[in-house]
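Hi,

Here is the structure I said I would pass on.

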Amino acid sequence: MTFKEFDLETVKKLYRQLKLARVFEERVGALYTQGHIYGFCHLYIGQEAVIVGLSHNMQSQDSVITSYRDHVHMITLGVSPNAVMAELCGKAAGCSKGKGGSMHMYSKEHRFYGGNGIVGAQVPIGVGLGLSHKYKKDGGVSFTFYGDGAANQGQVYEAFNMASLWKLPVVFVLENNRYALGTSESRAAAGKNGLKNRGDPFGIETILIDGMDVFDVIVKSKKAIERVRGGEGPVILHMDTYRYRGHSISDPATYRTREEVENVKKTRDPVSRVKNELIKNFAIPETDITEIDSEVADIVNAAAEFAIKSEVPEAAALERDVAL
Amino acid sequence: MSNLSFRLAIRDAIAEEMRRDPNVFLMGEEVGQYQGAYKASQDLLKEFGDERVIDTPIVEYGFTGIGVGAAFGGLRPIVEFMTFNFAMQAIDHIVNSAAKTLYMSGGELNCPIVFRGPNGAPRNVAAQHSQCFASWYAHCPGLKVVSPYNSFEAKALLKAAIRDDNPVVFLEHEILYGKSFEMPEGAVEPIALDKAIIMRSGSDITITAFSISVEHAMQAAEILQTQYDISAEVVNLISLRPIDKNAIIESVKKTGRILNIEEGWLSCGIGSEITSVVVENAFDYLDCEPRRIATADVPMPYAKNLENLALPNVDKIVQTAKSICNL
């Protein structure tokens, strides 16, 4: 995809967001190994361009919902990395006060509605957010993210049907990272086109996007989002992407070869791609990159330090925030 | 005093709340053009239009998730199930999406939504359409579960449920829809979702019940009084989560005996919980063991004679009450 439509400041901002996402998640993995983070934990490494790119085409009233692979969505939408890291460490200063953990993070201020640990369940909920935008006539769009595993769930098609029937402002974002835990798309999705035309029976257009190229994400989604916002009904953005790590930290990912992963890292890495653009086509000095990298490292170091030093929830929190 | 049917009490509560708050809307199968499978939404489409009275396809899992999302987005949905039997397809969204989110988010995100529809055994429709889900939902933290008996309760509780900031499971009964009950004069205001109502005061035995079982309990209490000189106190539970423990304990302190009636299955039922409440909190006041009458632990049979054997009825209540009162 061409970089020519983007000015230097925008590209630097994209690089900074992608780098922050990458370094944040790498630190999450490290803190997990050290025992500060525990339980189920799904890293977003490799897929950063999807949320970073789409966030550039969002407006302040739009809402976002995704699966359990949600940390980077939170920080990209503007939630404090400190609050996200503290949540991952099960601390009271976490965005869910330590009660949600990796899979259950929310921010009404940033219109982020989870974080959902039930595969596919976020899709009808996302359509409900779309319904609320149409009902309130606030011009908002619901960005509903789901993976290639969720894409075979029955409720996803129930949601497609109603979203299209009622012309709801929903952008379905299929983050196809190739493997539903250990099951590849071809082993799970019937039909010669796999997941590429699943919207067709419902009259929902699918747009194929290179989900590891932030420029492609921004450019190809722009008009589609405008059409959705204009009341033409939902669209599916099929993001061809890849996760570098296992499904969760406890998954050794033996279902694919090391060569396959290394090849993707070498040829399609979303962070390196933007870095290369900056160096080659914008001709910025290496020191500008180093400056951004160092700024990002400071943010992540501070988040980790904050999370580790924070207090665990007090015992009285056990029965707080539940009806009754 | 005027009479009002249970179904119109439901309809009126929805209409009045929709007039009061533009964010309240109704969605479900056949709620609009068809006026409700049980006519509990008669004339609502005409008054509020199809943006607020939304006919859905037959997709419980999907439309329940959409309802939850709309609630997250700031609206106050009323999700109607044609029956709670079909809500089993949607129970993931009721429990995992609606009930747990306030807690999982540390109080950041609440879910103001009402799940309502007929529950229990409507008679003659066999196993897949005859089940009480009270104890299923009453098991789940984050849900409020209520089940009214008469028209006043239906209207006042449904208004309270719609105004509540958390998910409420609202269990109606098909047999009650067509029944008329006296209504108080004037406007009906919301009442507490978590308070039992003493329907009849007594001194020899406490009979707890909810929904249609209150009717059976009241009829049995009358027979016990007139034919056997047994004074039964009938406690209409109203709320199954939380259970109004105080009302039950106070009643048992007075009567020394307790018998619960429900259309749910015996095992792990509401009666099991009530037995525990009484044993844990009023053991020294008991003159005999707590007793339960519930539906037999079998899928509901179709044949009328077998169905009658399976369900609680007035005679079973009278006989059990007599036996524990040593008559």
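**Pocket, cavities and strands**

Domain 1 (2-183) and domain 2 (197-324) of chain B both contribute residues to the lining of the largest pocket, so the pocket lies between them. Before you go further, bear in mind that this is a predicted model.

The largest pocket holds about 390 Å³ of space. Its lining is made of 16 residues, and those nearest the centre are B:Ala138, B:His139, B:Leu240, B:Arg241 and B:Glu273. Sorted by class, that lining has nine nonpolar, four polar and three charged residues. Three elements of chain B supply at least two lining residues each: helix H6 (134-138), strand S12 (239-241) and helix H11 (270-282). Of the elements, H11(B) gives the most, with four residues.

The largest cavity has a volume of about 60 Å³, and residues of chain A and chain B line it, among them A:His104, A:Tyr106, A:Tyr113, B:Phe72, B:Asn96 and B:Met104. The elements giving two or more residues to that lining are helix H4 (91-99) and helix H5 (101-104) of chain B. Its lining divides into five nonpolar and seven polar residues, with no charged ones.

The second largest cavity comes to about 50 Å³. Its lining includes B:Asn119, B:Cys132, B:His173, B:Phe210 and B:Glu263. By class, there are three nonpolar, five polar and one charged residues around this cavity. Domain 1 (2-183) and domain 2 (197-324) of chain B each give at least three residues to its lining, and both domains also give residues to the lining of the largest pocket.

Now for the strands, starting with chain B. Is strand S4 (residues 76-80) of chain B enclosed or left open? Five of its five residues are buried, so the strand is largely enclosed by the rest of the structure. In a regular strand, side chains alternate between the two faces of the sheet. In S4(B), B:Arg76, B:Ile78 and B:Glu80 point one way while B:Pro77 and B:Val79 point the other way, and all are buried.

S4(B) has parallel pairing with strand S2 (residues 24-28) of chain B over five bridges, and B:Phe25 stands opposite B:Pro77. S4(B) also pairs in the parallel sense with strand S5 (residues 114-118) of chain B, over three bridges. There, B:Val79 has B:Phe115 in S5(B) as its bridge partner.

Over in chain A, there is an open sheet of five strands, paired in parallel in the order S1-S2-S3-S7-S6. Strand S1 (63-65) and strand S6 (206-210) of chain A stand at the edges with a single partner strand each, so one side of each has no neighbour in the sheet. From one strand to the next, the twist averages 20°. S6(A) runs parallel to strand S7 (residues 235-240) of chain A, and five bridges join the two. One pair to look up there is A:Asp210 with its bridge partner A:Asp240 in S7(A).

That's the lot from my side.

Cheers

Notes: Residues are numbered from 1 along each chain as its sequence is written. Chains are lettered from A and ligands numbered from 1 in the order in which they are written. This is a predicted model: local features need pLDDT of at least 70, side-chain atom pairs count only at pLDDT 80 or more; totals for chains, interfaces and linings use all residues. Side-chain values use heavy atoms; hydrogens and water are left out. On a 1 Å grid over the protein atoms alone, a cavity is a set of points where a 1.4 Å probe fits but cannot get out, and a pocket is an open set with protein on both sides within 12 Å along at least five of seven lines; lining residues have an atom within 4 Å of a point. Grid points are joined across faces, edges and corners, and a volume is the space filled by probe spheres set on the points. Ala, Val, Leu, Ile, Met, Phe, Trp, Tyr, Cys and Pro count as nonpolar, Asp, Glu, Lys and Arg as charged, and the others, Gly among them, as polar. Domain bounds come from an automatic or database domain assignment. Two strands pair if DSSP finds at least two bridges between them. Axes are lines fitted to C-alpha atoms, for helices over the stretch in contact, and angles run from 0 to 180 degrees between N-to-C directions. Buried means under 20% relative accessible area, exposed over 50%, partly exposed in between (1.4 Å probe, protein chains only).
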